Amino acid sequence: MVKTKALILPKPLVLVGLMGAGKSAVGRRVASRLDIPFIDADTEIEKAAGCTVSEIFAREGEERFRDGERRVVARLLDTEPVHVLATGGGAFMDPDTRALIKRKAISLWLRADLEVLFERVSRRSHRPLLKTADPKGTLAALMEKRYPVYAEAEIVVDSGEGPIGNMVNKALAAVREYLERGESE
């Protein structure tokens with residue numbers, strides 16, 4: 001694996017998108033290639049709460065989860081050194097969190113179509129928002145609601161089928177292009 005040290009981020013890179021888009025998988029590899037830390041917001045939320053995201057949803061509800069998520073993301077954006085942060089699918093939907101990300105980070109939306117997302121999320125059963133009678137319909141409704149907001153991200157990269165290395169290369173190329181345009185100031 002080749003490190004991509006020539007690309008220096010001036011502030012954190014925050015990956016946004018729906019569950020199954022590849023935020024954690026791509027983010028971890030992008031961070032490795034940039035030789036900077038990777039942080040998963042959901043993992044940090046679980047550490048802070050002492051239980052899983054699913055348990056928080058079950059015990060406290062989505063609203064309480066989002067309150068905690070907002071606080072954790074704010075803390076992580078102030079964490080040094082510069083890092084790659086994978087957020088939960090709903091984090092960018094919160095206006096305060098979105099404004100904070102826009103102010104303190106570079107946002108990258110990993111956009112994927114319904115079939116790709118559903119195939120990926122169907123492999124695991126830990127997604128609290130998909131514990132419905134029609135998980136694919138729920139995912140489609142989330143896409144309809146969230147995609148216009150995710151489109152506010154500074155960078156958009158399509159996440160599709162194929163080797164994860166291809167996605168990592170596309171993400172790094174998009175970040176490089178964004179930085180070369182000088183839009184991160």
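User: How much space lies in the second largest pocket?

Analyst: On a 1 Å grid over the protein atoms alone, a pocket is an open set of points where a 1.4 Å probe fits, with protein on both sides within 12 Å along at least five of seven lines. Points are joined across faces, edges and corners, and the volume is the space filled by probe spheres set on them. Here the second largest pocket holds about 210 Å³. This is a predicted model: local features need pLDDT of at least 70, and side-chain atom pairs count only at pLDDT 80 or more, whereas totals for chains, interfaces and linings use all residues. Residues are numbered from 1 along each chain as its sequence is written, and side-chain values use heavy atoms, with hydrogens and water left out.

User: Which residues line the second largest pocket?

Analyst: Lining residues have an atom within 4 Å of a point. There are 13 of them, and Ala-49, Ile-56, Arg-64, Gly-68 and Arg-71 lie nearest the centre. Helices (DSSP H or I, at least four residues) and strands (E, at least two) are numbered from the N terminus. At least two lining residues come from each of α2 (41–49), α3 (53–60) and α4 (62–77), with α4 giving the most, six residues. By class, seven are nonpolar, one polar and five charged; Ala, Val, Leu, Ile, Met, Phe, Trp, Tyr, Cys and Pro count as nonpolar, Asp, Glu, Lys and Arg as charged, and the others, Gly among them, as polar.

User: How is the packing of α4 and α5 described?

Analyst: Two packed helices are described by the angle and the distance between their axes. Axes are lines fitted to C-alpha atoms, for helices over the stretch in contact, and angles run from 0 to 180 degrees between N-to-C directions. The axes of α4 and α5 (residues 95–104) come within 10 Å and cross at roughly 5°. The two helices are therefore roughly parallel, a term for angles under 35 degrees. Arg-70, Val-73, Ala-74 and Leu-77 of α4 make the contact with Asp-96, Thr-97, Leu-100, Ile-101 and Lys-104 of α5; contact means heavy atoms within 4.5 Å.

User: What is the strand order of the open sheet?

Analyst: Two strands pair if DSSP finds at least two bridges between them. The five strands are ordered β2-β3-β1-β4-β5, with parallel pairing. At the edges, β2 (38–40) and β5 (155–158) each have a single partner, so one side of each is left without a neighbour in the sheet. Four bridges join β1 (residues 13–16) to β4 (residues 106–111).

User: Which peptide bond is cis?

Analyst: The bond from Glu-80 to Pro-81 is cis, with omega near -5°. Pro-81 belongs to the loop between α4 and β3.

Terms used
Parallel < 35°, antiparallel > 145°, perpendicular 65-115°, else oblique.
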